[in-house]
Amino acid sequence: MIWTIILLIQAGLLYFVLTHRKRYKTDPPLDKGVIPWLGHAFEFGKDAFKFLGRMKMKHGDIFTVRVAGRYVTVLLDPFSYDLVLNDKNCLDFSRYAALLMDRIFQLQLPHHMQNKSKAIMKQHFLGMNLSSLNTSMGRHLHNLVKAELSLNQKDWTEEGLFNFSYGLLFKAGYLTLFGDEQNNNSMDLSKIYKEYMKFDGLLIKLARGTLKPEEKKLAQCVRQNLCELLSPVGIKEDSGLGSWVHTYRLLLQDVGADRDTQNKALLMQLWASQGNAGPAAFWLLGFLLTNPDAMAAVKKEFSGISQTSDTCLLTVKTPVFDSALEETLRLTAAPFITREVVREKTIHMADGQEYLLRKGDRVCLFPLLSPQMDPEIHSEPQKFKHDRFLNQDGSPKMDFYKRGRKLKYYTMPWGAGTNGCVGKRLAINTIRQFVYMVLTKCDLELCDPNAQMPEVNTSRYGFGVLQPEGELYIRYKLKQTMKDNE
């Protein structure tokens with residue numbers, strides 16, 4: 001009996017330790033949830049957009065929630081975002097990034113690697129090198145689309161639009177950034193893509209540590225397969241476009257990384273570079289196919305471009321297409337911007353309120369919820385409007401307001417600040433080239449003229465561009481005029 005009482009007391013003390021956190025006057029509103037330790041973990045993981053929207057309605061633009069033993073302060077006021085984005089003393093980006101890197105890729109790298117690897121990316125992905133990458137990407141896209149649209153093809157080909165878009169863009173991106181220019185024909189791109197998609201399908205559970213036993217075995221197997229496929233990449237010095245991989249491998253060698261660690265690091269870079277363009281192209285083409293007026297407007301703009309080369313549109317302005325792409329990303333780009341609080345910080349909100357961020361907590365911005373889906377900033381935010389980012393005179397619209405004040409951040413698909421996406425321009429140019437090729441070289445239509453866009457996979461909130469919960473089926477064939485020209 002006495003031992004039962006002792007165990008109950010210990011259980012009660014443990015419950016108190018796991019659940020107790022008092023909100024002080026200087027703290028943001030606190031919502032711990034009803035489940036000890038877990039708090040709101042289930043709701044957060046199942047549908048973060050819905051959950052955080054409910055918390056915003058309940059608490060306002062800043063609040064703290066308990067998620068699997070951690071306290072996360074969520075900030076949803078875009079006027080105050082720079083307080084997080086620009087603070088390198090109290091808030092740290094690398095710790096949470098390192099946690100995800102370990103969980104997803106079983107990869108541990110020195111803390112200082114982040115800045116050095118970013119410097120390599122800037123060197124190879126910007127400036128004159130960007131122009132070369134655009135040209136290479138255009139060439140690979142042309143060859144892949146041409147192979148897909150066989151000249152002898154007489155009948156329509158039916159396929160899911162997500163697989164069509166993601167597959168072609170992944171393969172073109174792989175050849176551009178990881179391929180051996182001399183041995184492209186020997187690559188089994190389909191095998192790499194197949195393994196990659198298996199891994200991508202497990203990635204969210206890997207990040208959250210929620211894999212079932214059989215899924216853990218599959219993840220380990222697929223990760224190993226991909227590392228073996230990436231093993232030859234970047235070993236030899238190459239003056240071509242893949243030279244960044246060689247430079248990156250040398251950096252890894254300098255910090256003592258063995259071959260296995262190098263391959264895992266390349267897998268991380270593969271996912272980082274290829275995980276968003278394909279899904280974004282899917283959503284854009286899907287929105288155009290299900291919105292005939294938008295499709296007509298984009299095709300009209302494309303028809304005025306001289307088709308002298310497959311990269312010709314990189315040198316001309318396409319405001320209608322650019323607006324449609326930005327609108328697509330407004331609706332589907334859903335990253336979390338996360339920082340660890342390494343020193344206590346008082347945050348002075350734009351509305352004059354002050355709150356204390358506690359050391360050991362996390363801070364999270366969720367731009368999809370605010371500003372991207374804020375009805376005060378974007379009217380009818382759930383609706384796709386291809387011209388939302390155009391002024392009446394057809395020029396790009398960049399002035400958006402909330403509470404009568406002009407916003408610095410009205411969409412944030414690429415992040416912001418020093419940790420914004422280095423590959424932004426390459427990704428935009430790649431999507432532009434792909435959509436241009438598809439719409440000018442082939443006839444494309446929905447298998448079901450009345451089909452609607454699929455719902456999003458709500459478990460992927462926080463991890464870049466969303467993916468669909470299901471397919472949108474299309475059929476396509478080479479345009480007759482293209483056959484005649486060939």
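Which residues of α6 are buried? The model examined here is predicted, with local features requiring pLDDT of at least 70, side-chain atom pairs counting only at pLDDT 80 or more, and totals for chains, interfaces and linings using all residues. Residues are numbered from 1 along each chain as its sequence is written, and side-chain values use heavy atoms, with hydrogens and water left out.

In α6, the buried residues are M113, S117, K118, I120, M121, H124 and F125. Buried means under 20% relative accessible area, exposed means over 50%, and partly exposed lies in between (1.4 Å probe, protein chains only). Because these residues cover an arc of only 155° around the axis, they are on the same side of α6; the arc is that of the directions from the helix axis to the C-beta atoms. An α-helix has 3.6 residues a turn, so residues three or four places apart point the same way. The buried residues of α6 pack against α7 (128–148), α8 (161–177), α11 (243–254), α12 (259–274) and α17 (424–441). Helices (H or I, at least four residues) and strands (E, at least two) are DSSP runs, numbered from the N terminus.

Helix α6 has 13 residues (113–125), and at 1.5 Å a residue it should span 18 Å, which agrees with the 18 Å between its end C-alpha atoms. The expected span of a helix is 1.5 Å times one less than its number of residues. Just after α6, G127 takes a positive phi of about 65°.

Six strands form an open sheet of mixed pairing, in the order β1-β2-β3-β9-β6-β4. Its edge strands, β1 (30–31) and β4 (91–92), each pair on one side only. Two strands pair if DSSP finds at least two bridges between them. Strands β1 and β2 pair in the parallel sense over two bridges, and L30 stands opposite T64 in β2. G60 is placed in the loop between α3 (48–59) and β2 (62–67). At 23% relative accessibility, G60 counts as partly exposed. The C-alpha atoms of G60 and D77 are separated by 9.1 Å, the two residues being 17 residues apart along the chain.

Strand β6 (residues 337–341) contains T338, which counts as buried at 10% relative accessibility. Leaving aside neighbours within four places in sequence, T338 is in contact (heavy atoms within 4.5 Å) with F93, Y96, R362, V363 and C364.

Rings of Phe, Tyr and Trp (its six-membered ring) pair if their centres lie within 6.5 Å; planes under 30 degrees apart count as stacked, over 60 as edge-to-face and the rest as tilted. By this rule the count comes to 28 aromatic pairs. One of the pairs, F44 with F336, is edge-to-face, at 5.6 Å centre to centre and 75° between the planes. This pair links distant parts of the chain, 292 residues apart: F44 is in helix α2 (residues 41–46) and F336 in the loop between α15 (319–332) and β6. Both F44 and F336 are buried. The rings of F389 and F400 have centres 5.4 Å apart and planes at 55°, so the pair is tilted. F389 and F400 both lie in the loop between α16 (368–372) and β10 (401–402), so the pair ties together parts that are 11 residues apart in sequence. F389 and F400 are buried.

Charges also sit over rings. The criterion is NZ of Lys or CZ of Arg within 6 Å of the ring centre and within 35 degrees of the ring normal. R21 lies over the face of Y71, 4.3 Å from the ring centre, and the charged end of R475 sits over the ring of W156, 4.5 Å from its centre.
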